[in-house]
Every structure is written in structure tokens, then in C-alpha cells.
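Biologist: Before we discuss any labels, could you put the model on the screen, so that each term can be checked against its value?

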Amino acid sequence: MCRSTAIFSGISAMGYMAATFAIQYGTTALGIANTFLILAVIVGAIVEVPLSLYFSARSDTFGRHRMIVYGAVVAGIAAVFFLPVMATGIPALVFVAMFFARISGSPMYGPAAAVAAGAFPVEVRYTGASIG
């Protein structure tokens, strides 16, 4: 169960950083229009759906845990570049930073449901996954 919590924390951290912090920082500190920043989040979310399905299918071949580790590395790389690129204040670069921060969780999010269900014994698997 601790593994599942760690996985979902990583996914949530990048998603919320791209969605909430970036919009607040972009509008107040950088003076970029709120609608432009929300568009970056929406485009990232739209692309994230098929990417999550793709990485979910790939995790059946490569292994769920290996795919999640790959996703954590990708998200870590995106996190390192996220703030410096945001700080440039150039709208196109800000858009790219928000987009990549948003989709970087896809390799973790795709197989996350199977990992969460597998963290519990068969008798309570889906009940446990819905609570955990």
C-alpha cells in the first residue's frame, strides 16, 4: 500500500504543479494571460489521455513497475527544467514547460490502476484499491 501511495503522490505532484502552480505563477509573476495558461493545461490533459492508454498497454510488455520507474525519471527530468523554463516568461516556452510537466506523469498514470489493485489480496483487491 505504501508503494501505491508513493506512485500516486508522484503523479499528482507533477499534475498539480503544471495545473495550479503554473497558472498562479504565470498570471501573477509573469503577467501571462490566464486563458493562455489554462489552454496549456487543457492541451496537455487532452494529449495525456491517449498517452496514458499507450503506456498502460506498454506496461503489460515491459512490466508495470519498470514503466512507473521510467515515468518517475521522465517526470524528474521535466521537474528540473520546469521552473527555469517557466521563469523565462516567454509564452511559447511557458506553454511547452506546462505541457511537458502535464504529460510527464503519463508513464506512471497508465499502469497505476493495475499496480493499485495488485497491492491488495485477491479477496479484497478492488475494494482495497478503491479505498487506498
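Biologist: Why is phenylalanine 81 called exposed?

Modeller: In this predicted model, phenylalanine 81 has a relative accessible area of 53%, and since exposed means over 50%, phenylalanine 81 is therefore classed as exposed.

Biologist: Where does phenylalanine 81 lie, and what makes the nonpolar surface patch?

Modeller: Phenylalanine 81 lies in helix α3, which covers residues 64–87, and together with Val69, Val73, Ile77 and Val80 Phe81 makes a nonpolar surface patch of about 490 Å².

Biologist: Which residues of the largest nonpolar core touch the most other members?

Modeller: Of its 22 residues, those are Leu37, Phe82, Met86, Val94 and Met98. Helices α1 (2–28), α2 (34–62), α3, α4 (91–103) and α5 (106–118) each supply at least two residues of this core, with α1 giving the most, namely six residues.

Biologist: What is valine 94 in contact with, leaving aside its neighbours within four places in sequence?

Modeller: Valine 94 is in contact with Leu30, Ile32, Leu37, Val85, Met86 and Gly89, where contact means heavy atoms within 4.5 Å.

Biologist: How many helices and strands does the protein chain have, and what percentage of its residues count as buried?

Modeller: The protein chain has six helices and zero strands, and 35% of its 132 residues count as buried, that is, they fall under 20% relative accessible area.

Conventions. Residues numbered from 1 in each chain as written. Predicted model: local features only at pLDDT ≥ 70, side-chain atom pairs only at ≥ 80, totals over all residues. Heavy atoms only, no water. Patch = residues over 30% accessible without salt bridge, like charges linked within 9 Å, V, L, I, M, F, W, Y side chains within 5 Å. Areas by Shrake-Rupley, 256 points an atom, 1.4 Å probe, with all protein chains shown as cover. Salt bridge = Lys/Arg side-chain N within 4 Å of Asp/Glu carboxyl O. Helix = DSSP H or I, 4+ residues; strand = E, 2+ residues; numbered from the N terminus. Buried < 20%, exposed > 50% of the residue type's maximum accessible area, 1.4 Å probe, protein only. Core = buried A, V, L, I, M, F, W, Y, C linked by side-chain atoms within 4.5 Å.
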